[in-house]
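Have the model open as you read.

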Amino acid sequence: MKDNKRLKRRVRNSYIVSTVSMALVLFLLGSVGYLMTAALRVARTLQESVTVTVELADGVDSLRRGEIERRLRGDEMVRDIEFVSKQTKIGDAEFRHMFENEIEEVLGENPLNDSFEVHLSAESADSVRLDAFMAKAGGMRGVERATCPLPMIRRMHATVNKIQLVLAVFAAALLAISLILLSNTIRLSIYSKRYLINTMKLVGATKWFIMRPFLASSVWQGLAAGAGASALFGVALYGLSAALPELTTLAAMTKAMIIVGSMMTGGVALALLFTAVSVNRFVDMRSDKIHLY
């Protein structure tokens, strides 16, 4: 009687420990996934901050200006275009502050040109395509010049690419380590029931009959682990949102919900997979070898 109680307590404890371990691993993976998506979103925002100034030549009529704008908008690297007239430029307070006198009075005319402020997409990270776009924009009829701080942009893209590579390597290493830990945790949980598996096999139970209760239990274990990980993730996200309100945007919350769903489904899928592998190993193991494992 005492042995049965001790066995039940040991099985229950192993079940609880493996479930908590799974929840912590899923929480860690979900948190890293969320931080990865946030980092990639910031990186994309930086890559989309590139602006090219396309200055129009003097005397360009509205028809030619419209043709230039149409061709610029048709390029896949262009995210948005803003027309800035020379009157707007010279009336800018910051520009005025640079000169104590009215610049028109000194030069007799407005020396600035109408221009398009072209905001590029993340495709500008490709230096070859960026150079091709600059050459195309600067070579259009009616365009005097196309300018942007190319050296600074190349340094920014190089830095962003290095950060993305480091994050990808870190995430891959963490995923591999987490899966190994999860596999070992479930294997140890099944290990405590190896004699039960062997007894069922000796009395003639089929492999599916032996595996079925373990797989059913693993589904509930995966759901419990996913729910626990989701609760921890929600608490962590709430704390982050209090410190960084920008994390509460609709896009960020949508990604958070996707991660929560992934933790729930991932918990069930991984629990089923590793449980099936572990139980199958003990079912196929010879009875005289099971105590040596």
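What follows goes from the whole chain to a few side chains.

## Ground rules

This is a predicted model, where local features need pLDDT of at least 70, side-chain atom pairs count only at pLDDT 80 or more, and totals for chains, interfaces and linings use all residues. Residues are numbered from 1 along each chain as its sequence is written, and side-chain values use heavy atoms, with hydrogens and water left out.

## The chain as a whole

You'll find 10 helices and 4 strands here, counted as DSSP runs (H or I of at least four residues for helices, E of at least two for strands) and numbered from the N terminus. Starting from the N terminus, the order is α-β-α-β-α-α-α-β-α-β-α-α-α-α.

Of the 293 residues in the chain, 35% are buried, meaning under 20% relative accessible area with a 1.4 Å probe, protein chains only. The chain's accessible surface is about 17,300 Å², with 64% of that belonging to carbon and sulfur atoms; such areas come from the Shrake-Rupley method with a 1.4 Å probe. Take the contacts (heavy atoms within 4.5 Å) with a separation of 6 or more: 82% of them join residues 24 or more positions apart.

## Rings

The structure has 2 aromatic pairs, the rings of Phe, Tyr or Trp (its six-membered ring) counting as paired if their centres lie within 6.5 Å. One of them is Tyr34 with Phe233, edge-to-face (planes over 60 degrees apart) at 5.7 Å centre to centre and 75 degrees between the planes. Tyr34 sits in helix H1 (residues 2–47) and Phe233 in helix H9 (residues 207–243), so this pair ties together parts 199 residues apart in sequence. Both Tyr34 and Phe233 are buried.

Elsewhere, Arg65 lies over the face of Phe83, 4.3 Å from the ring centre. For that call, NZ of Lys or CZ of Arg must be within 6 Å of the ring centre and within 35 degrees of the ring normal.

Note on methods. Buried < 20%, exposed > 50% of the residue type's maximum accessible area, 1.4 Å probe, protein only. Phe/Tyr/Trp six-rings, centres within 6.5 Å; stacked < 30°, edge-to-face > 60°.
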